[in-house]
Each structure stands twice: as C-alpha cells, then as structure tokens.
Amino acid sequence: MPAAPETTGELLALIRELGADRVCARHRRPPLPSTLLRAVCEEGDPEGLRFAAQYPLSPSDLLEQLAARTGDTALCARLAANPRTPPTVLTTFIEHPSAEVRASAALHPGLHPREILKLLRDSGPGVVRHLAGNPGLKSQHQACIARHDDSSVRMALAGNAALDPQVARVLGDDASDVVRFHTAARGRADKNQCLMWADSDDAALQQGLLLRKSPEPEVLESLALSAHASVRSALADKHPPDPTARLFVLDRGTAGERARLAADPSLPRALQRALCQSEDTGVRTALAANPAIDADIAEFLCQSGGETEILALLANPARTEEWHGFIVRCGYPRVNAALVYEEGLDPRHLHELVNQRLCAETTVQLAASRRPFPGLRADLATALAEHPWPALRALAAGSRQLPHKLLRRLTDDPVAGVAHAARVNPKTDAPAPAVESIPSALAPEVSAWQSRIDACLHSILRGPCPPAISTFQTQPQPTSVSKAS
C-alpha cells in the first residue's frame, strides 16, 4: 500500500497527480489524519478545499465549517453529497438556489423522508434523476418515482442498487422501451422474475437480460427460443447454441441465422444434411465454406450447387482432390477460371476443360498464371501462337503439339517470356519433321473459342487486347481480378 502523505504539500501534490477521486479511494483505509485535512483547509488552496469537501472520512465539524464559509457552487455540491455532512447543513443544501447542489444533495445516503418528498417536487433538471439512483430510498419513495412522467428518471431508478423487486416488476411493464431495457439489464430481480421477462415476447426486456452479468442457464435457454431474431443473434454472439436452439433456428430462424448455423464447425451431420437442401443460396454457401463439412454433403453440393456454393467449396481448407472431378463438370465460368489455381488438379481435368470443352476462362487463367500446359491441342496452340497478348503466346509456346515451324518462330519472339517458353520446350531441340502442315484457316469451333477468349480478356482488362509490342512482365495481371470475379 502506498505511504500516506504527511504534509499538506505532499497531499496537494498527490491530488494534482492522481485526481481527488483516486486519492479518496486510495486512502480510505487507513484514513488520512484529521489534522492533515484541517491544515489543508486552513491554507485555503482551492484543490485542497474541494478534496476535503469530497473526502468521505472528513470530520463532520470540518465539513460544517466549510459549508458556513463558502459560497462556491462546486464546493457546495461536493459537501452536499458527502455522507458525513451533518443533517442541519444538508437541509440548507436541499434548498440551495443551484440545481447542481440540490442534485448532489439528492445522492446523500442519510436523507430524511421529508427531505426526499421535497426533492421529489423539485423542478430542477437532474435533481429527481439523481434522487432516483439514491440507494437509501425506501420502497414507497421508489414506487412514487416509478410513476414519474420523465422516462429518464424512471430509467435511473431501474439502475438503483437497492431497487425493490416489486418496483422492478412495475418498471418491467413500463410504457418506455428504454426503461424496460434498463430494468432487465440492471434492475434487482430474482431468477423467477428474469424467467418471466425471458419468456415474454418483449424484445426490450429480452435484450436487456442479455446484458446481465451472470444470467441463469434457464434464462439463456428461454432467450435462445425468442421470437425476435435480434435477441437470438445477440445471444449467439456470447453463448454457442445448444441442440434445442439449433433446431429452433433450423425451423423458425431467419436466413441469416441459418447461414450462421451452417458455418458452425461443430454442426452435426444431421443438421448439415438439412441445411444443404435449403432454398437460400447464402445458407448453402456458408455450409460449403464450413471446414467441418461432411464428405457426402460436400459431394452433394459439388454436383448440385450453384456457382457461389462451388466457389466456396474451392476456398474451403478441407477440400480434397476427389471434389475436382465433380466440380470440373459444373460448367460455371468463374469456377472454370478458379480451378486453374487448385493445387493438385489432375492434368486430365485441364485436358477436359481446354482441349475437349474449349473453355475460354480456363485458357485465359492458364496464361495469366504462367502455368504450363504441354498437352494443349495442336490447332488450339496454333491459334494462340499469333495472339497479340504475350501470355497466350507463351502458353502456346509450351505446347508439345505446336507445329515445329511456329515453335521456332516463337523462339525469336520480342517478348522475353514468350521466347523463353519456346526455348525450354523439349520439342524445340527435336529434329523438324520432313513434312509439316499448318492449317491456313481455323476450324469454326476454334475460331469461336478464340472469340470467347478475346471477350474474356476484354472484360478483365476493360479494354482491347494488348498490342504485340507489350512485354509479358509489364502486362496487367488478370490473375487477382479473375480470382475475385
């Protein structure tokens, strides 16, 4: 415990350093010597006078002397709230012209019933509100304040540390939502009263119960079945739902609550099965992103899910390579683009997407990611070998089926990335065939595929295809755009 100040100088320095409130709290036990407090008052320092007026262990006669010789409103307000202020002095403060002083007097724990009645009729702003929070009020005085016209006064009464349980019931039926909320949050109430509030359909009472420090388990169970989604959601933020609450949300919850339930890693398989058949996309997407999703349910979503759900499956850290076989066949453009970035993707899936289904999105992302695809069809590689975007030419240069003449030409490409891709192609150093034909015209399906690639590039780059003089290294990177698209 810090040493108590011994001189007025030490006390004043401590007050200036810590503030009067902290000094009062620090030196309650043992109390400061009365001689030191009297000496501070004799010096007449304003901060010392205010501290002595506020200090709850100041001698009563010293407080009476201060009240007799001061007219300072701030000092009188501190004296009025001091529990050691004599009753005769307190009476003068109750009739003080300043509402601030009367409001402080309303907090005094030793008010006489006559003084309480006088304060109840006070017209000053905040006086009755301060009185409502006085823990020394009798139940009859609390009952009188509970009928006050000002809702802020009734709200202050709800936070009274000595609130009578009967008065709490009255405030629980108050016409003001704010009063009911504060009553349930701070008012003194037993378990049965809290259960009555929890079982009601009153959102204000139920929201207030959520703020109580240690609500009973039965109260929480009742709140979990509230008719108000805001109450159920606020409760779920603090307490994980039990099986009964989960079933309630599944049956009567909002789409947002069911989506939150679907994202719960501890969700049992039976509830996952019910949620995967939800008509709401957000619910199915949340389930698809759940790292604890059951393998059978993930397979079901792979085969029947929409684009959003399948993208969530691809982002799920629990995804497996077995999912790829189902996802490849879904046909969604954004999914086809995202598959390029899947680690462990079987080359057969790329062959299916590019060579068999001529997927433009997959082709563009292959080029943008600089991922080699040696199995690119000869006619497709031929079509890309003359493309103005260098990344696509580099993709063609990595194909082992590209005609040898075109591959040789790409080794001299002005873009370093394209030339390098052509030089490292094993076919480059192989002997050229004696006869090799290059089609003079593209097949209709290849021409349509090339048009789709150009349209895809246009949508990503927001402009025409880059000119041939651009370099691979300085191209705008569509990778991040397309992954987020």
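**Close-up views of a predicted model**

**View 1. Surroundings of Asn-290.** A side-chain atom of Asn-290 lies 2.9 Å from the backbone nitrogen of Ala-292, a polar contact (a pair of N or O atoms within 3.5 Å; within protein, one must be able to donate a hydrogen and the other to accept it, and residues adjacent in sequence count only if both atoms are side-chain atoms). This is a predicted model, in which local features need pLDDT of at least 70 and side-chain atom pairs count only at pLDDT 80 or more, while totals for chains, interfaces and linings use all residues. Residues are numbered from 1 along each chain as its sequence is written, and side-chain values use heavy atoms, without hydrogens and water. Asn-290 belongs to the loop between α22 (281-288) and α23 (295-304); helices (H or I, at least four residues) are DSSP runs numbered from the N terminus. Asn-290 is buried because its relative accessible area is 0%, where buried means under 20% and exposed over 50% (1.4 Å probe, protein chains only). Not counting residues up to four places away in sequence, Asn-290 touches Ala-262, Ala-263, Asp-264, Pro-265 and Asn-316; contact means heavy atoms within 4.5 Å.

View 2. The buried residues of α3 are Leu-36, Leu-37, Val-40 and Cys-41. They lie on the same side of α3 because they cover an arc of only 140° around the axis, taken from the directions from the helix axis to the C-beta atoms. Among the elements covering these buried residues are α1 (8-18), α4 (46-54) and α5. Exposed Thr-35 and Glu-42 are on the face of α3 turned away from its buried side. Just after α3, Gly-44 has a positive phi of about 80°.

**View 3. Packing of helix α3 with helix α5.** Helix α3 (residues 34-43) packs with helix α5 (residues 60-69) at an angle of about 10°, and their axes are 11 Å apart. The two helices are therefore roughly parallel, a description for angles under 35 degrees. Helix α3 contributes Leu-37, Arg-38 and Cys-41 to the contact, and α5 contributes Asp-61, Leu-62, Gln-65, Leu-66 and Arg-69.

**View 4. Surroundings of Asn-336.** Asn-336 is part of helix α26 (residues 333-339). Asn-336 counts as buried because its relative accessibility is 4%. Apart from neighbours within four places in sequence, the contacts of Asn-336 are Val-328, Gly-331, Leu-353, Arg-357, Cys-359 and Thr-362. The C-alpha atoms of Asn-336 and Val-354 are separated by 9.8 Å, and these residues are 18 residues apart along the chain.

Key:
Axes are lines fitted to C-alpha atoms, for helices over the stretch in contact, and angles run from 0 to 180 degrees between N-to-C directions. Angles under 35 degrees count as roughly parallel, over 145 as roughly antiparallel, 65 to 115 as roughly perpendicular and the rest as oblique.
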